[in-house]
Amino acid sequence: MATPLSPRTPPDSRPATTARAAPVNAFTVDVEDYFHVAALASAVSRESWATRECRVERNTDRLLALLESQRIRGTFFVLGWVAERYPALVRRIAAGGHEIACHGYSHQLIYHQTREEFREETARAKDLLEEAIGAPVLGYRAASFSVIRSSLWALDTLIDLGFRYDSSIFPIRHDRYGIPDASPDPGRVAAPSGRTLVEFPMASATFLGVKVPICGGGYFRIFPYWLTRAGLRQINGRRRAFPFYLHPWEIDPQQPRVPVGALSRFRHYTNLHRCEQRLARLLGEFPFAPMRDVLRERGLLELDAPVAAVGNGSPGQSCSIADAHSIP
Ligand SMILES: [Zn+2]
């Protein structure tokens with residue numbers, strides 16, 4: 001059986017050269033508030049969102065200031081619900097030189113939606129974002145990485161809606177997401193219709209033969225910093241770029257506490273007070289650029305308009321549409 005979602009050319013098969021600069025990685029933010037998070041959904045009804053204290057604008061501005069201080073640009077996957085209420089925030093992010101991408105509208109897991117619901121709300125979110133910035137939105141990331149094997153149909157919807165890339169597949173085992181045998185490398189993946197879309201999957205390192213998700217969010221807060229750094233260096237050492245991701249609420253230790261079970265509490269609240277400082281350190285230790293630019297530099301995305309160069313990133317393992325693997 002063919003390995004699903006695998007690029008044709010593994011990066012290690014490329015000829016080795018010496019003294020090459022480290023691959024440039026994608027820095028990404030999923031712009032949502034603390035009460036949108038799937039781990040808290042059992043205790044936070046959607047109906048209550050409108051009455052809750054919104055902290056996303058202030059927290060995102062803090063992230064923007066930190067990125068500006070280190071002269072780093074990234075990709076912000078903005079929730080449509082946020083864009084509808086804070087279009088000026090979306091414009092501020094774009095004005096800072098960052099890429100605006102789409103995180104859906106309602107933060108519902110794709111595999112809990114019908115195809116029609118998914119199409120309708122994703123189109124709505126894309127429209128809101130494009131209206132805010134007056135430019136096309138190319139990238140998409142699902143709530144809680146909910147493009148899994150049973151919801152791969154969503155890739156066809158993304159193609160239909162004009163998205164150029166997706167960053168929702170996590171090649172690990174997890175109770176809420178993951179396609180464990182998906183390729184860890186950016187490349188084109190085939191949707192059920194046979195059409196293809198560029199995918200930038202989430203990254204893992206391997207320690208003692210065990211795959212460890214290492215590229216942001218709760219993993220970044222819960223694991224000690226040295227482990228994250230070692231894992232990310234391992235990935236870059238193999239000439240692979242990683243996508244790092246974070247949420248604005250993860251640098252907000254003062255956020256209101258929601259009464260949830262022990263596992264969700266652990267995932268959501270651990271080390272919030274350490275996160276901003278850790279992030280500042282990380283930003284100084286790895287090269288980053290917006291995801292769009294990293295994909296373009298690796299030959300996976302052709303853009304009509306020129307974007308900033310991402311430095312000395314390694315050449316990409318591009319593969320043509322015909323090379324993309326079908327999904328069994
Ligand atoms: Zn999210």
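This is a predicted model: local features need pLDDT of at least 70, side-chain atom pairs count only at pLDDT 80 or more; totals for chains, interfaces and linings use all residues.

Colleague: Why is Leu197 called partly exposed?

Modeller: Leu197 has 19 other C-beta atoms within 10 Å. Buried takes 20 or more and exposed takes 12 or fewer, so a residue with a count in between is partly exposed. Leu197 lies in strand E7, residues 196-199.

Colleague: And what does Leu197 touch, leaving out residues up to four places away in sequence?

Modeller: Among them are Leu155, Leu158, Ile159, Tyr165 and Val189.

Colleague: How do you know that the buried residues of H3 line one face?

Modeller: In H3, residues 87-95, the buried ones are Leu89, Val90 and Ile93. Looking down the axis of H3, they fall within an arc of 100°, so they line one face of the helix. Ala88 and Ala95, on the other side of H3, are exposed.

Colleague: What do the buried residues of H3 pack against?

Modeller: H1, E2, H2, E3 and H4. Just after H3 comes Gly97, with a positive phi of about 90°.

Colleague: What makes the length of H9 agree with what a helix should span?

Modeller: H9 has 14 residues, 272-285, and at 1.5 Å a residue it should span 20 Å. Its end C-alpha atoms are 21 Å apart, which agrees.

Colleague: Which residues of H9 are buried, and what covers them?

Modeller: Cys275, Leu279 and Leu282 are buried, and their cover includes H1, H6 and E10.

Notes: Residues are numbered from 1 along each chain as its sequence is written. Helices (H or I, at least four residues) and strands (E, at least two) are DSSP runs, numbered from the N terminus. The expected span of a helix is 1.5 Å times one less than its number of residues. Two residues are in contact if their C-beta atoms, placed from the backbone, lie within 7 Å. The arc is that of the directions from the helix axis to the C-beta atoms.
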